[in-house]
Amino acid sequence: MTAEPRDSESPQPRWNEPAIRVLMMPRDTNAHGTIFGGVILSYIDQAGAIEARRQGSRLMLTVSMDKIVFHEPVFVGDLVSFWTETLRIGTTSITIKVVCEVIRGADPQKKVMVTEAQVVYVNVGDDGKPTPIKRRANAYSA
Ligand SMILES: CC(C)(COP(=O)(O)OP(=O)(O)OC[C@H]1O[C@@H](n2cnc3c(N)ncnc32)[C@H](O)[C@@H]1OP(=O)(O)O)[C@@H](O)C(=O)NCCC(=O)NCCS
């Protein structure tokens with residue numbers, strides 16, 4: 001199933017800080033010397049999960065990663081911020097947009113949007129089966 005556009009009932013807080021910030025290290029590189037895409041995807045998954053927790057999901061599984069676009073390469077020494085936005089909260093699933101922005105070099109004002117993706121998580125019970133998300137009245141910083 002493809003995520004629908006924003007549900008009008010969904011809370012859509014815009015955070016003034018990213019879910020995660022990571023400094024890229026040489027160990028994260030691919031054969032070309034730039035950052036391996038799988039490393040970025042792993043952080044995207046974590047950032048989206050943090051956003052899902054902010055919205056009320058507790059025990060969740062990633063069910064799909066979609067609309068992944070690597071716009072620009074990421075380099076060793078880049079400071080990558082993973083910004084999140086809740087696009088939709090369904091019965092048991094939650095759709096999060098993650099945007100990765102890089103600060104490169106000495107100038108903190110010089111930012112480059114490098115990657116974006118849409119991730120769907122399913123809230124599950126202890127039995128691993130989908131269970132309804134209890135939305136928070138006031139989403140909080142996880
Ligand atoms: C997540 C999982 C429990 C869902 O089970 P399921 O039987 O497909 O669940 P359902 O059909 O009842 O769907 C549950 C919700 O997920 C959504 N969903 C299911 N498949 C989806 C997909 N491919 N893309 C987007 N949403 C999907 C459904 O729309 C539904 O949302 P809603 O309740 O908000 O309407 C099951 O697919 C699973 O265990 N997958 C493995 C997850 C995992 O291990 N992730 C880590 C990867 S290493």
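This report describes the fold, the nonpolar core and selected residues of a predicted protein model.

**Overall architecture**

The protein chain contains 1 helix and 5 strands. Read from the N terminus, these elements follow the order β-α-β-β-β-β. Of the 142 residues in the chain, 40% count as buried. The accessible surface of the chain amounts to about 7,900 Å², and carbon and sulfur atoms account for 52% of that area. Among contacts in the chain with a separation of 6 or more, 71% are between residues 24 or more positions apart.

**The nonpolar core**

The largest nonpolar core comprises 26 residues. Within this core, the residues with the most contacts are Met-24, Ile-40, Ile-44, Val-74 and Phe-82. Two or more residues are supplied by each of strand 1 (20–23), helix 1 (37–55), strand 3 (79–89), strand 4 (93–103) and strand 5 (111–123). Helix 1 makes the greatest contribution, giving 6 residues to the core.

Met-24 illustrates these contacts. With neighbours within four places in sequence left aside, Met-24 is in contact with Ile-35, Val-39, Ile-40, Tyr-43, Val-74, Phe-75, Val-76, Gly-77, Asp-78 and Val-80.

**Val-119 in strand 5**

Val-119 lies in strand 5. Its relative accessibility is 0%, and Val-119 therefore counts as buried, since the cut-off for that class is under 20%. The C-alpha atoms of Val-119 and Ile-44 are 8.3 Å apart in space, while the two residues are 75 residues apart in sequence. Ile-44 is also one of the contacts of Val-119 once neighbours within four places in sequence are set aside; the others are Asp-45, Thr-62, Ser-64, Met-65, Ile-94, Thr-95 and Ile-96.

Strand 2 spans residues 60–70 and includes Ile-68. Lys-67 is found in strand 2 as well. A nonpolar patch on the surface is formed by Met-65, Ile-68 and Phe-70, which together have about 240 Å² of accessible area.

Lys-67 has a phi near 50°, a positive value in a residue other than glycine. Most residues other than glycine have a negative phi.

| Residue | Relative accessibility | Class |
|---|---|---|
| Val-119 | 0% | buried |
| Ile-68 | 32% | partly exposed |
| Lys-67 | 47% | partly exposed |

Conventions. Residues numbered from 1 in each chain as written. Predicted model: local features only at pLDDT ≥ 70, side-chain atom pairs only at ≥ 80, totals over all residues. Heavy atoms only, no water. Patch = residues over 30% accessible without salt bridge, like charges linked within 9 Å, V, L, I, M, F, W, Y side chains within 5 Å. Areas by Shrake-Rupley, 256 points an atom, 1.4 Å probe, with all protein chains shown as cover. Salt bridge = Lys/Arg side-chain N within 4 Å of Asp/Glu carboxyl O. Helix = DSSP H or I, 4+ residues; strand = E, 2+ residues; numbered from the N terminus. Buried < 20%, exposed > 50% of the residue type's maximum accessible area, 1.4 Å probe, protein only. Contact = heavy atoms within 4.5 Å. Core = buried A, V, L, I, M, F, W, Y, C linked by side-chain atoms within 4.5 Å.
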